Structure formats: structure tokens, C-alpha cells
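Reader: I have a new model on my screen. Show me how to read it.

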Amino acid sequence: MAQVIVTIDGKAYRMACEEGQEAHLEGLAQNFDRYVGHLKTQFGEIGDLRLTVMASIMVMDELSEANRRISQIEQELESMKKHREGSAAVAEKSDQALAGMLSELTSQVRSIAAKLDGAGDTA
């Protein structure tokens with residue numbers, strides 16, 4: 001396991017993470033530190049624990065909103081897939097109907113051509 005020292009609210013914390021994840025963990029800590037700093041600016045010195053809890057709740061609120069939006073987008077995507085499948089089925093039926101009409105029209109044209117050929121032979 002790799003170890004990283006992150007700083008939140010001016011305090012250093014040693015944290016373990018998987019090899020190769022050090023920069024990611026440092027970035028997460030920096031983002032969280034911004035939350036704590038923002039709250040500290042708004043409310044002043046209200047205690048480390050309270051600042052940490054408030055920042056955590058803010059992060060969870062954003063995560064909850066992101067999850068809600070992801071769920072909404074997934075539902076819209078599923079609806080689009082169903083609509084596309086329905087449209088494809090309608091298009092297939094239309095193509096089959098058109099092919100049937102063209103086949104019928106071809107038969108009628110051939111029949112007319114045969115009659116015209118037969119009428120020309122008797123003259």
C-alpha cells in the first residue's frame with residue numbers, strides 16, 4: 001500500500017491508498033479542503049468536528065444530486081431505446097408492406113405487358 005500525506009484545514013493526515021492512486025487521493029483531499037475552507041469562511045471557528053461534518057454533508061448532498069441526475073438520464077436513455085426499438089419495428093412493417101405492394105404492382109405490370117404482347121400478336 002502506498003501512503004500519502006494530505007492537508008485538510010491546515011492539518012496533515014497520513015493516509016494509505018492503493019499503488020498509483022496517490023494523486024487521486026491528494027486531489028480528493030484538496031477538494032474536501034475547499035469545502036472546509038468555504039465553511040470556515042462562512043461560519044468562522046466552530047470546531048474541527050463540526051466543520052468536517054458540515055463539509056461531509058455538503059459533499060453527500062452533491063453526490064445525492066449527481067446520483068439523482070444519473071438515474072434520470074438512465075431512465076431517459078431507456079425510454080429512447082424503447083422508442084427506437086418501437087420505431088424500428090414500425091419501419092420494418094412499413095418496409096414489408098411496401099415490398100408487398102411493389103410485388104403486387106410488378107405482377108400487375110407484367111400481366112398488362114403480357115396482355116399487350118398478346119394483343120399485338122393477333123393484329
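This is a predicted model: local features need pLDDT of at least 70, side-chain atom pairs count only at pLDDT 80 or more; totals for chains, interfaces and linings use all residues.

Reader: Then confidence comes next. Where is it lowest, and where is it highest?

Author: Start with the whole chain, then go element by element. The mean pLDDT of the chain is 92, and 97% of its residues reach 70 or more. Helix α2 (residues 48-121) is lowest, at a mean of 91. Strand β2 (residues 11-17) is highest, at 96.

Reader: What should helix α1 span?

Author: Count residues, then check the ends. Helix α1 (residues 22-43) has 22 residues, so at 1.5 Å a residue it should span 32 Å. Its end C-alpha atoms are 31 Å apart, which agrees.

Reader: Which residues of α1 are buried?

Author: L25, A29, F32, Y35, V36 and L39 are the buried ones. They cover an arc of only 115° around the axis, so they sit on the same side of α1.

Reader: What follows α1?

Author: G44 does, and its phi is positive, near 75°.

Reader: Why look for a core?

Author: In soluble globular proteins, nonpolar side chains tend to be buried together. Here the largest nonpolar core has 13 residues. β1 (2-8), α1 and α2 each supply at least two of its residues. The largest share, six residues, comes from α1.

Reader: Which residues have the most contacts inside that core?

Author: V36 and A55 do. Leaving out residues up to four places away in sequence, V36 touches I8, D9, L51 and A55.

Technical notes
Residues are numbered from 1 along each chain as its sequence is written. Side-chain values use heavy atoms; hydrogens and water are left out. pLDDT is the predictor's confidence in each residue, from 0 to 100. Helices (H or I, at least four residues) and strands (E, at least two) are DSSP runs, numbered from the N terminus. The expected span of a helix is 1.5 Å times one less than its number of residues. Buried means under 20% relative accessible area, exposed over 50%, partly exposed in between (1.4 Å probe, protein chains only). The arc is that of the directions from the helix axis to the C-beta atoms. A nonpolar core is a set of buried Ala, Val, Leu, Ile, Met, Phe, Trp, Tyr and Cys residues joined through side-chain atoms within 4.5 Å. Contact means heavy atoms within 4.5 Å.
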